[in-house]
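Biologist: I would like to learn how to read a model like this one. Can we go through it feature by feature?

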Amino acid sequence: MPGARTSAHPIFTVQPREPLDERRVEHLSALAAEVRRLNEATVHTALPEEELTELTAQVRALTDRLDAARRAFPPVSGDGYTTPGEGMLQQIASPVTGELNPIAPPCRIEFLEDGSVRTEFTLNFLYEGPPGLAHGGVSAMVLDQLLGLAANNNGTPGLTASLELRYRRPTPLGQRLTAEARIDRIEGRKAYAVGRILNAEGKVTIEATAMFVMPMLG
Ligand SMILES: CCCCCCCCCCCCCCCC(=O)SCCNC(=O)CCNC(=O)[C@H](O)C(C)(C)COP(=O)(O)OP(=O)(O)OC[C@H]1O[C@@H](n2cnc3c(N)ncnc32)[C@H](O)[C@@H]1OP(=O)(O)O
């Protein structure tokens, strides 16, 4: 990595993660998809209290069962962290893109030939900020991830050092959104990326710029 730091005091430690095969990823993704539905149903349910008490006990029992065989860290798919940055692409438990993470929308990323990245996704009421609209912090999380992936896709991965957002229009819930990002320029260890979110009419709701710095690895 050009300009990579080599002095002492690492600030980023790569933890060993267990790689899962495709079949297991499929099974866990199916489970996460159901938990995602459960999360949404929990917010929207109008069931009577007696039923909620019974369901709470059932969910507790399910969680205890899953937790009985617990990994110390979330797994990855494929080869894990064999290459700094590249391994992150296989973060199947990411809160933005992770099929295994029930809090991820999840955003499925397209890596385009020109090096840019793109995703189409929909946010439901679990991500509400102002009534009926997406939470600005959730949009920021999606953009942080997407711009970070653009940096990574460019071969210049890094941690977010700065992220600036301009909220131009409200971002609606329940409609297809598009987010896109690309690298603007590289300066040594610093990768500058730009991106945006568009509503279903193709109008920009949020513009983003970010700077990623390749950390020192421990
Ligand atoms: C294994 C590879 C990694 C990960 C590969 C990921 C790949 C897969 C992507 C998935 C997508 C994930 C996307 C979400 C990504 C997060 O969520 S990251 C989490 C949020 N960010 C953080 O927690 C970062 C916390 N900050 C830090 O750890 C450190 O401050 C940093 C950013 C690593 C920089 O520390 P450092 O290496 O000691 O940098 P330092 O020598 O002080 O500065 C280097 C240069 O950057 C400049 N700089 C540093 N910080 C700033 C700043 N805030 N503003 C402006 N300039 C700055 C300095 O002025 C300096 O410039 P030059 O003098 O070289 O011109």
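Modeller: Begin with what a strand is. Strands here are DSSP runs of E, at least two residues, numbered from the N terminus. Two strands pair if DSSP finds at least two bridges between them. Keep in mind that this is a predicted model.

Biologist: How many residues lie between the strands in the hairpin of strand 3 and strand 4?

Modeller: Five residues sit between them, and glycine 115 in this hairpin takes a positive phi near 95 degrees. The two strands run antiparallel, with four bridges joining residues 108-111 to residues 117-121.

Biologist: Which strand does strand 4 join through five bridges?

Modeller: Strand 6, residues 177-187, again in antiparallel fashion. Here phenylalanine 121 has leucine 177 in strand 6 as its bridge partner.

Biologist: Now step back. What pattern does the protein follow along the sequence?

Modeller: Reading along the chain gives β-α-α-β-β-β-α-β-β-β-β. That is three helices and eight strands. Among contacts between residues at least 6 apart in sequence, 66% join residues at least 24 apart. Of the 218 residues, 28% count as buried.

Biologist: Where are the domains?

Modeller: Domain 1 covers 13-104 and domain 2 covers 107-213. Their C-alpha centres lie 23 Å apart. The contact between them draws 11 residues from domain 1 and 10 residues from domain 2. On the domain 1 side, six of the touching residues are nonpolar, four polar and one charged.

Biologist: What feature does UniProt place at residues 132-204?

Modeller: The unreviewed UniProt entry has "domain: Thioesterase" there. In the model, that stretch is 25% helix and 41% strand. Its end C-alpha atoms are 18 Å apart.

Biologist: Confidence next. What is the mean pLDDT of the protein?

Modeller: The mean is 90, and 88% of the residues reach 70 or more. Some stretches call for care. Over residues 1-8, pLDDT stays under 50, and the model has eight contacts beyond four places in sequence for them. Residues 80-87 are also below 50, with 14 contacts in the model beyond near neighbours in sequence.

Biologist: And which scores does the model have as ipTM and pTM?

Modeller: The ipTM is 0.96 and the pTM is 0.92.

Terms used:
Residues are numbered from 1 along each chain as its sequence is written. This is a predicted model: local features need pLDDT of at least 70, side-chain atom pairs count only at pLDDT 80 or more; totals for chains, interfaces and linings use all residues. Domain bounds come from an automatic or database domain assignment. Two residues are in contact if their C-beta atoms, placed from the backbone, lie within 7 Å. Ala, Val, Leu, Ile, Met, Phe, Trp, Tyr, Cys and Pro count as nonpolar, Asp, Glu, Lys and Arg as charged, and the others, Gly among them, as polar. UniProt positions are given in the numbering used here, feature names are shortened, and annotations may be inferred rather than shown by experiment. A residue is buried if 20 or more other C-beta atoms lie within 10 Å of its own, exposed if 12 or fewer, and partly exposed in between; C-beta atoms are placed from the backbone. pLDDT is the predictor's confidence in each residue, from 0 to 100.
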